[in-house]
Every structure is written in structure tokens, then in C-alpha cells.
Amino acid sequence: MKKPVFKQVLSNGLTILVKEAHVVPKVSTQLWYNVGSKDEKSGQKGIAHLIEHMIFKGTKKLSECDINLITHKLSGYTNAFTSYDYTGYLFDFPSQHWLEALPIMADCMHNATFKEEHLASELKAVIQELKMYRDDYASTLIEALTSAIFADHPYHHPIIGYKQDLWNLHRSELVNFYTHHYLPNNATLVVVGDVDAQAVVKQAEKEFGPLEPNFGYTKEHFYHGSDLKTQAVTVYRDVKIPICIVAWVIPGAVTKNEYVVDLVTWIIGSGKGSRLYKKLVDELQLATDLEAFNYDLFDYGLVFVYFQPKEIVHIDRIIAIIHEELARLADAVVTEVELMRAIKQAEMEHLTLLENNQKQAYALGKFYLATGDEQYLYTFTEQPKEGLAQQIKEFFGSHMRPSLMHKGMVLPLAAEDKKYWVQLQEISDAEDQRILSRRTREEEVEAGRCVAQVAVKEPKSFTFARATTLHLENGLKILYSHNPQLPKIDIIVDFEARHTYDPVDKQGLGSFVAALLLEGTKNYTAENFATTAESYGMTIQSVAGQIVMSMLAVDLAKGLELLHEMVAYATFSPEAVEKVRDQMLAELDEFWDAPMQFSVQLVRQEIYKKHPYAKNQLGTIEGIKQITPDDIVSYYKTYISPRAARLSLVGDVERYDIKPLFESILGSWMGPAVAPLDFPPLEPVTKHDVVHTMLRDQTVLCYGALSVTRMDPDFDKLLLFDQIFTGGVLGSMASRLFDLREQSGLFYTIGGTLLAKCDEQPGLILVKTIVSNDRRKEAEVAIEYVIDTAINEVSDDEFYEARQAIINSLVDNFATNQSLAATLLFVDRFNLPADYYDKRAHNLSQITKEEMQQTVRKYLDTQRFVLVRVGRE
């Protein structure tokens, strides 16, 4: 039997792993180095991550812009990542261009320059990144608890490092770390996608073969002393709802324990059918949310259980119940039902991973570096099922006893501490300003040197899938497409009524009903429904206006039966209504604690005003409190209707006779006609600011303006410039917004879109960033200048590359079952011709640069923009 991964090691020690996948003409190429933040020396914490940034700043051959410019020119995507254990660089390209990743990667392995001028601006961006992560309180808590647990191991130190170390790093330290660790014999090249394995090896030999190894290179091994002791961390922040986690140290990924750990997390806290979710969220209703997950670090791993208590006073009781449940799991083997549920969910999780080249390459690289087994990703779920229950029992008994449990909390800041917190931030800002003002960049961003030498090739031919359409007697429209690549099926049910149908004074009603569809039906209690679905490996998501399902192909009939229960027989028990109400109120508190999220909602409210698009899908606190059981039942009977609903089905469906199957299961579902909304006219928007004050390290800036409808003739012209202005469909770093970040170092991240939520009614233009309070005004001036002037100068090359980026990205709509299902719904919803995607490239090519510029000038004008500012004043 042919092994899924082809492996070859070059004479200089470079390992090459290739996994062929020919579903779409795309390739993910990743270069992994077996070095991470744990390998840093004292006084240099953060250097591994900083080098990851600086690699993109140029080599002896490449200018600081060449990597981004070449990637953009070839319709690609590039990024990098640093962990405690590894560092990696990735390029995702259309398969006609994938080879261009290799010379860049090889050049970056030995020839990075680390110029002091570039280091000055990038240090500022990294400090902004550090501040940004400090405002992500869940991540802050996990990092703080990890640091406390591993006091004697390098996992003690944050990956991003410490400001005091970063401030003092110069070129010489970076060069020393780089030349010591960035070696072919310390690297693994991972290629997943539409390639031939032998061709990959041949090209890799050409590009990497001449690089000199250091076979004397060795890795330091690090000790962590195990003990029967626990750590506790409490962080105080300006939040409405507490964040709580408990954690246990487990053996690291090097021990090949991934499968058992996956099963453990599914059993204790992943999904509504897990032990702790059923006990704490459903039965006792002490928590509004709970989730288990693991950090598969190489030396030692961590299992976490995250929960949101309904009340702060419940925290100790929740932790005591977690103790009790884990003690039971250590004393007796899990039930057959629990075990099979976990096995099926792990299987489906693995199949879903195989639909995505980039995620598959990432997992392949990580597991290979940890275990040295290139086939491990594709074989770890194939362990014999006999004895698994005993292994899991022993795992709980050895590693997850109460005496080994650590805990962390983010609690609301006391009123008397808020002034002190602001003082601490002001001191920190002033210190950053004092130190970083000494590290200035005077020279302009370098122009590309090598980008002109790279040739653009035409996309490979691709057959765009089309839907087969049928109608059930009850009015439900079904669109389906056969995809035999994996033994799974994905379904999306699209209802006419979305959250825009919610009454103004009861926003969130659609989401309330959607959540309750999973909370019990005529034939299933909420617990039985969750256990049944998850025991088949299914995932079911229900949101206002849509139900999304994923299942093994052999289980389609069961999946449809559960869908029918949701849409025809939901019961809405009083207990379920109040449970979901509490969850929604908690979710709203969490939403309004996250300024990068809610800033967009504030923009929507300012621009749409009384228009339905101003409504928050999550609802409002007042609205959720006012919703009655009668409101819920009325909405369900009126809007959860097969008439005007569409169901998209994609996957291994050829074995089924679709219409008889669907008629037999869903045919009895009935409902009334659903009238389309009558939208009021939108009022013009004039420039103004909205300030939302809250205590955060950084300030969020969110600019917004009206865009166009999806079928507006201007849509494609804005789409083309969106690629140039924001990075567009590729998330490209060769964009006007990213150029501003590169030159100024004002912020770590800035992004946006000219086409947010463009639908029947106009969507939004958005530009969003997060910036230090001391540089806020400077950032606003710079962003507004770019908004007003970016369209004035667009080169012919930029315009051509933007068009090619969109054309090459068309296949992404067909890469996974779920993306294809959504694509079929899109084509049908807007009544597009069946050959829409076949003609898309031609239609885009008919737009001229001048037409694009003329159109964009109508929309990109700061006099039409609202600015929402969230942070300290």
C-alpha cells in the first residue's frame, strides 16, 4: 500500500516531505525549523519571533519588499509562525507558481541581512503586537498560567518575549542566533497540494542542495521537575464576565500521545455531549459555556478546560465538580457510548483537516518535528480500539488528578483599582515611547529588486462544479454536487429569514430560536440529541437563518432525521429557554468585552441607523431579556419554513437516490410562505467620530462607510481595488494598508475590506487597526491620508496582479465540501447563470484600470466615513 507521505533527505540534511492532493490547483509549501522560543538565551527572550519577522525584511538578493511583491504578483499568500518548539514559513500558491517558493526559502535560510534600519521599524511593530496580545485576555491568562506552571523550563517565557529584552536587541544578536539555528540539517520542507513528489525533490535539490550544513549542531534538552503542587493565577481587567481555566501538565507530543489526548478532550469537555458540558452547562447550569482543548507542546503538553461561570460565586463549586468528575474517570473506564462518540469526532476532525492544504501541511510539519514519523498524521487515528478505554483511564489517573490541577482566572477590575490600572498603562506607554524613539528609521521602504524577474503563468484548467437542482413537494429547494474525495458530506440549510427579520425591540430572536433548535425535540431530549449527533461524528451549527451540518457519508439518513427533528419538532421547554437566555446574555457580555469585535457593530449602527442591517445578530441585553416563549414559538412557526428555504448538499452522495431519500425524511416538514423584507432607503453618511471608552492597553480604530450591493455593477471594480488596498481575497501583505504598517511601525496589524457583507442591500467599507494610545492621533492622520489618496496612483502591474489574484482564487470556492455548498447557494440566491464561474475571469478582464479608479473615487472619501474609537481617552 502506497504511503501518503513521500520523504527524502538531501545530502546536506534537509528533510523533504510531500503529500500530493489534487482536488484544486493549489499548493502549500512550508519550511519548518526545529528551533523556537525555548532555545533562546537569557536577555534575548523574543529573538526567535523577531527573526521570523525580520526574515521578510530582505536578503543579500531580495529587497525588503520583494517577498511580499513576488507573492502578490503570483497570486499567493505568505506568512510565518513561531512557537515554543519551532519556527515556520509558508507560501500558498496556485500550482502553476508553487516552484517560486523554493528559491525564496533557500535564500532566506542563509542570506538574511537584518539591517538596523529595518530592525528599528519592525521592533515598533512587534511591541505593538505584544500590546495587542495583552488585550486578548483569554490568551493573556493562558500565557500567565503556562509561565507559572513551567517555572523551571523555557516554556516559562512568552514566545513574543519581554519588552526589556526586545528593546536591547541589535543586528549582531539576531545574526548569531540565525546562523546557529537556520541550517538545512535543522529544517524540514513540507509540500502539500497539486504537485508531483519527484518533481518537488528535484527542485528542492536544485535550490537547497548547495547550502552548507552543520552536522555538529545539537539541540539542548530542558528539564521540568514534576511535583504534587498546583499553581493559581488571577488577572484583573475591565471585563463584564469572568474567564476561567483549569489545566494539567501531560506528556509532550514527542511521546506520540495525540490520539489519546484528542479522545480525552472530547470526553471531558469538547462538544455538548461531553461530561463536563452536560453536567455544568446543561444539568446544573452553573456555567454558560465550557470547552476542553490541549496545547501539544513537544516537551510537555497541557490540557485546558475553559469555562464561563454564570456567577463569580459559582467558580469554586464548578472547580470542585470538575475534581469529582475527573476522579470518577480515573477510577472507572469510560462508557462505550462516550468512547465511540470521541472516536467518531476525532475521525471527522481528521477528515476535515484533509480538505485544507495549509492546515494539513502545518499538522504534518508539526507532528514530524515532534515524533520523527512522517506518516504519523495519517496513521495516529488507526490505533487498535481494544484497550483504549483502559489507556484513557490510566491517563486520567496519571496526569489529571485533582492534586495536579492548576487554575487561572480573569476577574472584573474593582472600581477602586481602575485609576491605578490607567496609571500603570500610562507609565508603560511613556517607557515605550522613550526607548523606541531612539530606534528610528530614516530611509524609505526599499523598492522591489527581483520581482520583475518573476514570470506570471496562466492558471491551470479547472472544472467548476455545478449544482443539480430539485424541489420537494413542501417547497424546499435542494442543490447538490458529488465530491468523492473524502467519505463525508456537508449540508447548509439557508432560510429566507435572517437576523434582519428580528423585531427592533427584540433583537437576537432569530439567534435565540436557532440555539433552541439544538435543545430538545419531540423525540430527543437536549442531552440525547447532542449525544446522538456527536456519537455519529456529526457537527451541527445553528445560527439565525442557517443550519450547517457535517457527517460521514454513510450517515446521511441519520443526519437528515436529526435535521427534521430540529426544523419540525423543536419543543422549546421552559428550562431550555432560560438556559439559552443566560448563555446569550453571557455571550453579549463577552462580545462587548472585545473591542476588535464590537467596534464593527458600532459602525453598523452609525451607518445603517434604523435600517435592518443595523441589528446585532447576537441581539441586545434588553431585547434578549424581553423575548417570551410565545415570541419563540411564533418565530419558529413563521420563519423556520421549507418555503423559500434552500438546502445545499456536497460530498460523497453518488450512492444515494437524492429526491426519494429527502422526500421520505424531510417531506412532512411544512411551513408558510416567507415574505422578503421591505428595506427602507439608506440615509447619506457624513464624516463624524464615535468614542466608546473602556480600559484597554491599546485603542481600536474602526473606519466605516457604505459600500454597494452584491449585484451592483460597481462591485467588481471595488473588488479589484480591494486587492490592492487591503490585500483582498489573498490576505496579501502587498497592499496599501500594509505598506503603511511597514513604513511607520505604527501598528502590528491593519486590515479591512471594501465589500463587507454586500448582499441585497449595500455592505460596508471597513478599515480597522489597533494602536498604542500615545500614537493614536498620528495613526488616524496616516490612515485617513491613505484612504483619500490610495486610488490616485495605480500602476498597470498592480491592476493586472489584482485581477490575476481574484481569478486564481476562484478555485478556493470549490476546495472543501462546505465552501462548495456555500458557493452553490450563492449562485442560486442571486439567480446567477450556471456558467458564472466559467466566465468570471473573462468578465473581470473587461474592466479597465481607469473604470476602476473612477468608480473607487466615489466611495473612498473620508468625508463619507465614520470613525469609531474604542479605548482610553
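This is a predicted model: local features need pLDDT of at least 70, side-chain atom pairs count only at pLDDT 80 or more; totals for chains, interfaces and linings use all residues.

**Cavities**

Residues are numbered from 1 along each chain as its sequence is written, and side-chain values use heavy atoms, with hydrogens and water left out.

My search of the whole structure gave four cavities of 30 Å³ or more. By cavity I mean a set of points, on a 1 Å grid over the protein atoms alone, where a 1.4 Å probe fits but cannot get out, and lining residues have an atom within 4 Å of a point.

For the largest cavity I listed the lining, which includes Leu31, Tyr33, Phe91, Met105 and Tyr182. Two or more residues of this lining come from each of β3 (26-33), β5 (87-94) and α3 (101-110), and α3 gives the most, with four residues. Helices (H or I, at least four residues) and strands (E, at least two) are DSSP runs, numbered from the N terminus. I then sorted the lining by type and found twelve nonpolar residues, no polar and no charged, with Ala, Val, Leu, Ile, Met, Phe, Trp, Tyr, Cys and Pro counted as nonpolar, Asp, Glu, Lys and Arg as charged, and the others, Gly among them, as polar.

The second largest cavity contains about 70 Å³ of space. I found 14 residues lining the second largest cavity, of which Phe495, Ala514, Val543, Gly545 and Ile640 lie nearest its centre. At least two lining residues are supplied by each of α17 (509-516), β15 (539-543) and β16 (546-552), with α17 giving the most, at three residues. Here the division is ten nonpolar, four polar and no charged.

**Overall fold**

I counted 31 helices and 22 strands in the protein. A compact globule of 873 residues would have a radius of gyration near 29 Å, and the 27 Å of the protein agrees with this; the radius is taken over C-alpha atoms, and the globule rule is 2.2 Å times the number of residues to the power 0.38. The C-alpha trace spans about 70 × 70 × 70 Å along its principal axes. Of the contacts (heavy atoms within 4.5 Å) with a separation of 6 or more, 84% join residues 24 or more positions apart.

Buried residues make up 60% of the 873, where buried means under 20% relative accessible area, exposed over 50% and partly exposed in between (1.4 Å probe, protein chains only).

Why did I note helix α10 as largely enclosed by the rest of the structure? Seven of the nine residues of α10 (residues 275-283) are buried, among them Arg275, Lys278 and Asp282. After α10 comes glutamine 285, with a positive phi near 50°.

I kept in mind that most residues other than glycine have a negative phi. Phenylalanine 572, in the loop between α19 (556-569) and α20 (574-591), has a positive phi of about 55° and counts as buried at 10% relative accessibility. Alanine 644 has a positive phi of about 75° and lies in the loop between α23 (629-639) and β17 (646-651), where alanine 644 counts as partly exposed at 40% relative accessibility.

Methods
On a 1 Å grid over the protein atoms alone, a cavity is a set of points where a 1.4 Å probe fits but cannot get out, and a pocket is an open set with protein on both sides within 12 Å along at least five of seven lines; lining residues have an atom within 4 Å of a point. Grid points are joined across faces, edges and corners, and a volume is the space filled by probe spheres set on the points.
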